[in-house]
Amino acid sequence: MVGDIREAKECQLKDPMDLFHSGQVVKICAPMVRYSKLAFRTLVRKYSCDLCYTPMIVAADFVRSAKARDSEFTTNKGDHPLIVQFAAKEAQVLCDAARIVCPFADGIDLNCGCPQRWAISEGYGACLINKPELVKDMVRHVRSQIDNPKFSVSIKIRIHEDLKRTVDLCQKAEAAGVSWITVHGRSIEERHQPVHYDAIKIIKQSMSIPIVANGDIKTLKDAENVHHLTEADGIMVARGLLANPAMFAGYEETPFQCIRDWVDIALEHGTPFTCFHHHLMYMMERITSKQEKKVFNVLSSTSAVLDYLNDHYGV
């Protein structure tokens, strides 16, 4: 990490808010556990992604352990604008984590949306939507302790059954100085139910800061529809980008050039085999037959994957 970070420090950090003032819908790669790491961010940036998030990092571990910092956060000078997402439940811990990444990233995001049991039992993630005063306090603390006025502080939330509570949370965060809010249009209990885009629109109409829509966006057409339905300033995509990292550039399925680019980038970054292989499995899901998947998905080495791609696709 140190070499990459040193290189990043030489670069010109960017103001993510400039994207929201551009008049265009901001195209965003979501924070995804295991997947939205440096190599994948490098790939989607080649294909019209405007803004990338790191996977969620537990702030307390990050502050306490150099080992955690080295394994959880890697960047370089092309990796901008970049938002580092943290799980936190104490204002000062979040501030300390923000201070560490501030020279190398363009903003932080507080995770108030993760519905996993472990996160909620630890006081992280989606349980924070029920603690608006704590969220407000955390945003205000980071705002007051980070000197760089261009460094963004955002939050990513889920919605309440009673939307008035969500609007109240968002307005409190706005009053504390939050830069923008990403809304995943489901409640904590909802997993695969339809996304409440109407709720995102109501939140958007209640706020004067940018709102980003998130949830079940698989294609560029979905992104355009969700923008139309919600009037959101940005669109955040997770699994849709895993399946097609070139989605924002207008491709309906992963082009072979994107697969070539992934191979080059992953090898250059020393991406672990499992991650390298899983990304290819996602990318090739729509363009391979059942029989091909059976063979490809059980390959167990980088050389076997490279041979397969060369033999079958000339990649």
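C114 counts as buried, because its relative accessibility is 9% (buried, under 20% relative accessible area; exposed, over 50%; partly exposed, in between; 1.4 Å probe, protein chains only). The model is predicted, so that local features need pLDDT of at least 70 and side-chain atom pairs count only at pLDDT 80 or more, while totals for chains, interfaces and linings use all residues. Residues are numbered from 1 along each chain as its sequence is written, and side-chain values use heavy atoms, with hydrogens and water left out.

C114 carries the UniProt feature "active site", which comes from an unreviewed entry; UniProt positions are given in the numbering used here, feature names are shortened, and annotations may be inferred rather than shown by experiment. The residue lies in the loop between β5 (107-112) and α7 (117-121), where helices (H or I, at least four residues) and strands (E, at least two) are DSSP runs numbered from the N terminus. Not counting residues up to four places away in sequence, C114 touches M56, A119, I120, G125 and A126, contact being heavy atoms within 4.5 Å.

The unreviewed UniProt entry also lists P31, M32, V33, Q85, H184, A238 and R239 under "binding site". In the model, P31, M32, V33, Q85, H184, A238 and R239 from this set belong to the lining of the largest pocket. On a 1 Å grid over the protein atoms alone, a pocket is an open set of points with protein on both sides within 12 Å along at least five of seven lines, whereas a cavity is a set of points where a 1.4 Å probe fits but cannot get out; lining residues have an atom within 4 Å of a point. Rolling a probe the size of a water molecule over the atoms shows where empty space is left.

The largest pocket holds about 1100 Å³ of space, a volume being the space filled by probe spheres set on the points, with grid points joined across faces, edges and corners. Its lining comprises 40 residues, and P31, M32, V33, Q116 and A238 lie nearest the centre. By class, the lining contains 20 nonpolar, nine polar and eleven charged residues (nonpolar: Ala, Val, Leu, Ile, Met, Phe, Trp, Tyr, Cys and Pro; charged: Asp, Glu, Lys and Arg; polar: the others, Gly among them). At least two lining residues come from each of β3 (57-58), α4 (59-64), α5 (66-72), β6 (152-158), β9 (234-237) and α12. The helix α12 gives the most, with three residues.

P31 is in the loop between β1 (26-29) and α3 (38-46), and V33 is found in the loop between β1 and α3. P31 counts as buried because its relative accessibility is 17%; V33 is partly exposed because its relative accessible area is 45%. Apart from neighbours within four places in sequence, P31 is in contact with S36, Y53, T54, P55, M56, Q85, K156 and M236.

T182 sits in strand β7 (residues 181-184). At 0% relative accessibility, T182 is therefore classed as buried. With residues up to four places away in sequence not counted, T182 touches Y53, I155, K156, I157, V212, N214 and M236.

The second largest pocket has a volume of about 440 Å³. It is lined by 23 residues, with K37, L38, T271, P272 and C275 nearest its centre. The helices α3, α5, α13 and α14 (273-284) each contribute at least two residues to this lining. Nine of the lining residues are nonpolar, nine are polar and five are charged.

The loop between α12 (239-243) and α13 (256-269) contains T254. With a relative accessible area of 5%, T254 is buried. A polar atom of the T254 side chain lies 2.7 Å from the backbone oxygen of A243, and the side chain of T254 also reaches the backbone oxygen of M283 at 3.2 Å. Such polar contacts are pairs of N or O atoms within 3.5 Å; within protein, one must be able to donate a hydrogen and the other to accept it, and residues adjacent in sequence count only if both atoms are side-chain atoms. Residues up to four places away in sequence aside, T254 touches A243, N244, P245, I259, M283 and I287.

A249 is likewise found in the loop between α12 and α13. Its relative accessibility is 37%, so A249 counts as partly exposed. Leaving aside neighbours within four places in sequence, A249 is in contact with Y47 and S48. The C-alpha atoms of A249 and Q205 are separated by 29 Å, the two residues being 44 residues apart along the chain.
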